[in-house]
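Here are a few quick notes from my pass through the model.

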Number of protein chains: 2
Amino acid sequence: MFKTAELGRSLSEDEFDERAEDLRLKLLIAQDQLQRSKAFQVIVDLAGVSGAGKGMAVNALHTWLDTRFLTTRSYTEPSEEERQRPAYWRYWRDLPRKGRIGLFLRGRYRRLTMDFFDGKVTEAKLENELDRITAFENELSADGAVILKFWLHLGRDAQAKRLKELESNPATSWRVTDVDWKHWHEYDRYISIVERVITKTNTGVAPWHIVESADGRYRDITIAETIVEALADGLRKRQIEPFKADDHARPPKKDPLPKRPAGPPTILSTLDQSEGADKNEYQQQLVELQAEHHVLQRTARHRGVSSIYVFEGSDAAGKGGSIRRLVATLDARNYQVIQVAAPTEEEAAQHYLWRFWRHVSAAGRLTVFDRSWYGRVLVERVEGFASQDEWRRAYAEMNDFEEQLTEYGIVLAKFYLHITPDEQRKRFEARLETPYKRWKLTKDDWRNRARWWDYEQAVHDMVEATDTRHAPWTLIAANDKRAARLKVLRTACEALRRRLNGGD
Amino acid sequence: MFKTAELGRSLSEDEFDERAEDLRLKLLIAQDQLQRSKAFQVIVDLAGVSGAGKGMAVNALHTWLDTRFLTTRSYTEPSEEERQRPAYWRYWRDLPRKGRIGLFLRGRYRRLTMDFFDGKVTEAKLENELDRITAFENELSADGAVILKFWLHLGRDAQAKRLKELESNPATSWRVTDVDWKHWHEYDRYISIVERVITKTNTGVAPWHIVESADGRYRDITIAETIVEALADGLRKRQIEPFKADDHARPPKKDPLPKRPAGPPTILSTLDQSEGADKNEYQQQLVELQAEHHVLQRTARHRGVSSIYVFEGSDAAGKGGSIRRLVATLDARNYQVIQVAAPTEEEAAQHYLWRFWRHVSAAGRLTVFDRSWYGRVLVERVEGFASQDEWRRAYAEMNDFEEQLTEYGIVLAKFYLHITPDEQRKRFEARLETPYKRWKLTKDDWRNRARWWDYEQAVHDMVEATDTRHAPWTLIAANDKRAARLKVLRTACEALRRRLNGGD
């Protein structure tokens, strides 16, 4: 069964770049159709031998997909609340809503395979559980869900090589455990169990795709292409047309940015944008900081110290890129990125802070908010969605909220990424050159420039009112992307170090 | 501060009945306005000395209010997931949505008062925490919430008398603990702490109401009247008009019930409705069964055995009355009643079973579903909301779901309450006589009679397909309300007994 996944397939960097560019546009268009139609959900399971690069595949998908409509869950031992309910409770709870894609790691298959491998589960129980999995997938599929399951494969030798590589690098050595080597030593027995599980659950409605994973570029492109095909197929069957994207393409005839009004400088206008980072130095520092951040977050996980990172900033300031570099080296089980979009009906029927309280994660975990409660005093203030009374009192409410977080011992880091209006225009124009980037650029992005100076004032007031001792703002001059990313990582490391060394 | 609550105020049964009838209509009308407008939420805290009857007050409110738009939370020690987050996480999570009323017992005030009484909390911490409570309430109030806090008061002698009464009755003796007597022995110190807490947090936006509670009738009427006034006041301020309820009043000129179609008898048409229960015998058996059910549920709580009771039945079959009698003697911390109404947006964006999985409660707790997943094969089938394909496959999906529940060890009891069409007509007509009952009767209730025989067939098919060994249906002949209630209690007790004696 796995022979076809040991052929040495790979992609050159050029082939990869070419296919990736095309693929990214297709993914975004399909995801947009899915999201607008809310016709079904897409459930993607990523499984595979250790070292096959599930984490890296997730990173690639996070880079390529619109993460506002993507959720990722990676499972660990069941918590108290999960143990007190039937085993599938957590899988049901974590299903993505219709219109979204859910990525699942270490889910229903892993536990079962492991337990059977370790002799904790009998033959009869294995068969029963496989039937249960199939029933679960059939039910979801009958309801419209598109289900894709990937097995990332490495041959015995390729796996040993990969595990040794990972072990030799301090930033990745944690990924290799005794269990991984145990499986490797019994490779044939382990793989024969996997084969049995895959064979039994390889149904028409929830097929397995075996992906040769010795080459990372081939692996990531193959997974993403399989997803986009299944997604397109699901949309076609339901006759859902792509959204007409005329307004994605063209910039306005006249830049709507007004002249800067007279008035004193703001905290943003005085920000020094001159610092830059040399490309080689950047690469080196990035790797070092990511490794340090990873180690600090692991310590935090062990000590039960949670973190919350808040990202605000103007469009194209580079929030997404900074966040991806922050989490790239982390274990997917230990963090979540919350993309703050329009509230759901349940959220809209509550105090605006409710939806953020909802996402405060359990001890030892990291939650990253891509936009946050500060929307209340930024976009809601500037666009008039919140009354003056509402946004004015929000400062105190947010300070109180943050005080509760930090008093509890949570590491709270707040980043505002600022670029100048000229830099934003340049970035918008550059996006027009690449199809998948042009896709994400809308008329609204240009239109928002008309309010540039109102936003600048709102940010100034926000920092004045909420830059507290327990929850300070870090303003990031982001005209230079590399310098900005390094500063974000450095600040996060400092905040963690201070907390873990018993400072704060 | 409490002198005014030791005056011996009471209500006679007649006074009570008269005021309750009027009050119930007002409550329903106000709740209807609230629910339709979704303008704000109502937060009701019930606190008080032990023995003052918080549980009984909750029962009264559950009887009088429309429980579809009411949530009740009673707190116990924080769970693992709660301990891993700031203390207020659970209070935020449990807030009712706008349009609803939330009743809270043993919440943020109790823990603090207790800890200070026991010397676990310093003066400074007490003051801090009271500020935090006030900030929380101010934030919610600024967002529109109506907040009402009740302190149910008993004088020292009245409390001793009440505690002794409770102790002497086997069905209520569990309510009295050593802690209660400890507080009583230090009544003055305890009450002075309460006085301090109340004084500090008695704000304009979240006022305390001290309720003399020696007389249960006076207590319940006072609480409910205070709620309805505050609610009406909130609605008036926002100029929300009562919903015109013309169609509540009149029965149709012609009963839409069609003639029974030719065909074989169904499982419902053959149900023996002749059994009745004598009023005196009923009272005695009810009390005995409630006590037994209570004891069994306590044992289940200790042993971590959860239960799920499902109620289905035609309109006016008496589901609500049966459920109230089931839970009346239970500790509010250990059960929840889920009224299944239209799905929220988040629920509608998922597989139909998702919203039921969501409510599966933690070990040792009881969840009562007033209507359930069976809606798929009853109302959704009959009204055409689910396609034939959808409702047909639902039988297997529900069996699989229930198998997972019972395999995990959950006690699952499913009740179908059946009345004859004649009996339903009589009940509808009787409701016209009482204003608050007439309020709840709508044109739709009459209209649904046109589909009577379709429903009967759907119930027949449902029982055929889902009356499994692990999750049997109990069909209840409900023309006689008393016999029906006893049978529900008896069945629940048997199911619990079987599970706890290691049978199943």
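1. Start with Gly304(A): it sits just after α12(A) and has a positive phi of about 75 degrees. Keep in mind that this is a predicted model.

2. Which residues of α12(A) are buried? They are Leu289(A), Gln290(A), His293(A), His294(A), Leu296(A), Gln297(A), Ala300(A) and Arg301(A). The elements covering them include β6 (307-313), α13 (319-327), β8 (366-370) and α22 (481-500) of chain A.

3. Over in chain B, the axes of α12 (residues 279-303) and α22 (residues 481-500) come within 9 Å and cross at roughly 30 degrees. Angles under 35 degrees count as roughly parallel, so that is what α12(B) is to α22(B). The crossing of α12(B) and α22(B) is left-handed. Among the residues making the contact are Leu289(B), His293(B) and Leu296(B) of α12(B), along with Leu486(B), Leu489(B) and Cys493(B) of α22(B). By class, this contact has 11 nonpolar, 5 polar and 6 charged residues.

4. Now the chain-chain contact: 38 residues of chain B are in contact with 38 residues of chain A. On the chain B side, α17(B) gives the most, with 5 residues. By class, that side has 16 nonpolar, 7 polar and 15 charged residues.

Conventions. Residues numbered from 1 in each chain as written. Chains lettered and ligands numbered in written order. Predicted model: local features only at pLDDT ≥ 70, side-chain atom pairs only at ≥ 80, totals over all residues. Buried ≥ 20, exposed ≤ 12 C-beta atoms within 10 Å, placed from the backbone. Helix = DSSP H or I, 4+ residues; strand = E, 2+ residues; numbered from the N terminus. Contact = placed C-beta atoms within 7 Å. Axes fitted to C-alpha atoms, helices over the stretch in contact; angles between N-to-C directions. Parallel < 35°, antiparallel > 145°, perpendicular 65-115°, else oblique. Left-handed = near helix turned anticlockwise from the far one by under 90°. Nonpolar A, V, L, I, M, F, W, Y, C, P; charged D, E, K, R; others polar.
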